[in-house]
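Q: Can you walk me through this one? I'd like the overall picture, then some specifics on packing and charged pairs.

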Amino acid sequence: MSKKINKPDQAPPAADTAEGITEDRRQEALLKTGALQSAIFNSANFSSIATDAKGVIQIFNVGAERMLGYAAADVVNQITPADISDPREVIARAKALSAELSTPIAPGFEALVFKASRGIEDIYELTYIRKDGSRFPAVVSVTALRDDQGAIIGYLLIGTDNSARKRAEEALLKAGALQSAIFNSANFSSIATDAKGVIQIFNVGAERMLGYDAAEVMNQITPADISDPQEVIVRAKALSAELSTPIAPGFEALVFKASRGIEDIYELTYIRKDGSRFPAVVSVTALRDDQGAIIGYLLIGTDNTARKQVEAEQKVLDQRLRDQQFYTRSLIESNIDAIMTTDPSGIITDLNKQMEALTGCTRDELIGAPFKNFFTDPERAETSIKLALSEKKITDYELTARAWDGRETVVSFNATTFYDRDRRLQGVFAAARDITERKRLDQVLHEKNLELESAKSLAEKASLAKSEFLSSMSHELRSPLNAILGFGQLMESGSPPPTRIQKESISQILLAGWHLLKLIDEILDLAKVESGQVPLSQEPVSVAEVMLECQGMIEPQAQQRGIRLTFPKLDSSFYVHADRTRLKQVLINLLTNAIKYNQLGGAIVVECTRSPLARTRISVRDTGPGLPEEQLAQLFQAFNRLGQEGGGEEGTGIGLVVAKRLVELMGGIIGAESTIGEGSVFWFELGSMDEPRLPHGTADEATLSNPSTTREAGLRTLLYIEDNPANLRLVEQIVARHSDIRLLTAMNGPSGIEIARASLPDVILMDINLPGINGFQTLEALRADPATAHITVMALSANAMPADIEWGMKAGFISYITKPIKIEVFMNALDAAMESAGQAIHPTP
């Protein structure tokens, strides 16, 4: 003890006053507690605290030190027990005692010892507060210490830690509540049997899980009768082997362990009343009477279906993860480039075999080393990492790698940053490709290009000289030809009229002259085309109008040879982006050739169609003799007079060359097919255009407001709104296989809305993650406009979670296709949408 106590055989300290003598007597009285005092004071299981009459602590035993964390010196002659007690509980105790004893009691030490001071036995519960501030419940017994005359000289408070009992009480309460909750819960099947296994109790949870009413099974069957018989047999065999004792398949196999006092929880398949099955986890407990004899069993089961599904799904996911890791590693290792990853500071964290070969170092030597150390210019190498971090990626950044043996390799360095699923930066993913050979080839190619440029320059000069010569010659020939044709016409219409022989001669002169003029014009056209002097004024041109003009110009020539001409009946929706004059020139050239090389009394059919890629094709089909394949390849070569070898037809052989160059200048393509004995088809394609909008109030306004009236029979329009060029190209290539679909495209929502209003497509295919306004907002805008509200809209998106699809369908998309596209699924959905759109536009009467 920290406080010094005077024993009876010691001389008291000098004190001349009565007060000093009284204090000594009080201390001696505190020590006269005999063996009990010694046992209690020296026990570490009790907190023994002795105070003087005012409550100041005088003795603080080892048990108190252990329980409360104070050393005796911290509290003796310093504080009262009230200072280490919960103040609120002390206040509550003072109030309760005041009411009980009908006398005011101050909160504090008095409230802790009041009953003991009145000679009343007092044991109560109180929360003590340790030196570190933590708390624990205690049971405190209080005794008043008195001297020989019965006067109170102090108090003894003996306390025990009540934590364990409190926890036990709480556990008992929880256990009782848990037992009640389990037995009455619909989430657990609680089945109680007698000792023979016949069911006696069948709770609501068992009824819900198994489909039986309690009355159907109680006193009727055992739990084995609602369990999978094969599993029961297997369990019996397994237990027989495990416990080295024969166990019959049936109810005994389900409860054998529990009957031997062994805790038993197992998985089993239960069979419902309707025959369906579900996995269950069953816990079995033997029920015993007061003498320990088994009087029955309690089987508590939970439906294990969800956990089994989760386990199966997790197993699949784990396998996918392993497959993905293997796939990713295989990709990295099979790459021809040296691949590595670094952390943001440029320290290598992973690499492939090619990186080892590039540097001549092992994987262990590279991982953890600075990336820059393996290049001839470390600062430039370090800069590449910084650039990748700041710009998110770099491409074709040239570095020179240096192996440990000094070997140097020029590489093209490409890098990008990578992140974890929470978008936190993890580092840089980089690939270094050996471009030593490419550098050498680039040098060789550069030298070759110089040679080609020199040759090209010479060729261009030669071509220009040829064009200038042809142009000069054409102009020189026109002057005398003008006189010949002029005087010839005067002679033909002169007075007196020419004789029959003169008229025939004049006719031959004029025929030859006009033919010569045509040849000169063709030569001049070629010169202009090759010298780049052809002026083009491209604009929306009506194909129907051009064909009508060409038909009027060419019919007389066809009638001379008895050839039947057939032109298509086109509506006003066929427009191309072209120069009107040059378009007529190309078409007239093809028609003239078809007449010239056709058989007498033959036929020519002109057709006009739209291709899926927003192009218009015009074709001229004749019934001539046809050309072999080897001659087809030479058709568009200058001065090629195929088909004229016998001298039957005259010409320069440059008409098709001029036609080809003009079509190409207008952004189109031209071609031909031919079959011997059946004829030939010459065609060209130009970019399609929408019909120009007329001013408000014009006569054609009604036609523009209802495009369905001008839609070509059988041709369906699809508008694809997508900001990714690669996806646009993919859908274009898929749709290109179907000639009955016309494809329009838009790169964002506002543009798509505008095109939809102008062209009223049958179906709109919409991406969801569009820039600006997204697919849902675009769909909402289309639905809000009466002009576009009827259009069928499909979604095509990478947002492929079930919730995304459900959200899309609720938003109003007729279907929701996820990326990557499965072509068959996509086309089936598109066909369904087109069919739906057809019903909406042309409803069945």
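A: One term to begin with: contact here means heavy atoms within 4.5 Å. On that basis, residues 24 or more positions apart account for 55% of the contacts in the protein with a separation of 6 or more. Bear in mind that this is a predicted model.

Q: How many helices and strands does the protein have?
A: There are 27 helices and 27 strands.

Q: And what share of the residues is buried?
A: Of the 845 residues in the protein, 39% are buried. The accessible surface comes to about 46900 Å², and carbon and sulfur atoms hold 55% of that area.

Q: OK, packing. At what angle do α18 and α19 pack?
A: The angle is about 35°, and the two axes are 10 Å apart. The crossing of α18 past α19 is right-handed.

Q: Which residues make the contact?
A: From α18 the contact takes Glu545, Val546, Met547, Glu549, Cys550, Met553, Ile554, Gln557 and Ala558. From α19 it takes Arg580, Leu583, Lys584, Leu587, Ile588, Leu591, Thr592 and Ile595. By class, eleven of these residues are nonpolar, two polar and four charged.

Q: Which residue does Arg580 form a salt bridge with?
A: With Glu545, and the closest N and O atoms are 3.2 Å apart.

Q: Which residues of α19 and α21 are involved?
A: On the α19 side they are Arg582, Gln585, Val586, Asn589, Leu590 and Asn593. On the α21 side they are Gly655, Leu656, Val658, Ala659, Leu662 and Val663. The contact has seven nonpolar, four polar and one charged residues.

Q: Back to charges. How many salt bridges are there in the whole structure?
A: A search of the whole structure gives 34.

Q: Why would such side chains pair up at all?
A: Side chains of opposite charge can pair when their charged atoms come close.

Q: Where do Arg329 and Glu333 lie?
A: Both are in helix α12 (residues 305–334), four residues apart, which is about one turn of the helix. Arg329 and Glu333 form a salt bridge, with 2.8 Å between the closest N and O atoms. Arg329 has a relative accessible area of 26% and is partly exposed. Glu333, at 27%, is partly exposed too.

Q: Switching to single residues. Is Gly775 buried or exposed?
A: Gly775 is buried, since its relative accessible area is 0% and the cut-off for buried is under 20%. Gly775 lies in helix α25 (residues 775–784).

Q: What is Gly775 in contact with?
A: Leaving aside neighbours within four places in sequence, Gly775 touches Met766, Asp767, Ile768, Leu770 and Phe813. Leu765 is ten residues away along the chain, and its C-alpha atom is separated from that of Gly775 by 10.0 Å.

Q: Last one: where is Thr80 placed?
A: Thr80 is in the loop between α4 (72–75) and α5 (87–101). At 16% relative accessibility, Thr80 counts as buried. Apart from neighbours within four places in sequence, Thr80 is in contact with Gly55, Val56, Ile57 and Phe109.

Key: Residues numbered from 1 in each chain as written. Predicted model: local features only at pLDDT ≥ 70, side-chain atom pairs only at ≥ 80, totals over all residues. Heavy atoms only, no water. Helix = DSSP H or I, 4+ residues; strand = E, 2+ residues; numbered from the N terminus. Nonpolar A, V, L, I, M, F, W, Y, C, P; charged D, E, K, R; others polar. Buried < 20%, exposed > 50% of the residue type's maximum accessible area, 1.4 Å probe, protein only. Areas by Shrake-Rupley, 256 points an atom, 1.4 Å probe, with all protein chains shown as cover. Salt bridge = Lys/Arg side-chain N within 4 Å of Asp/Glu carboxyl O. Axes fitted to C-alpha atoms, helices over the stretch in contact; angles between N-to-C directions. Left-handed = near helix turned anticlockwise from the far one by under 90°.
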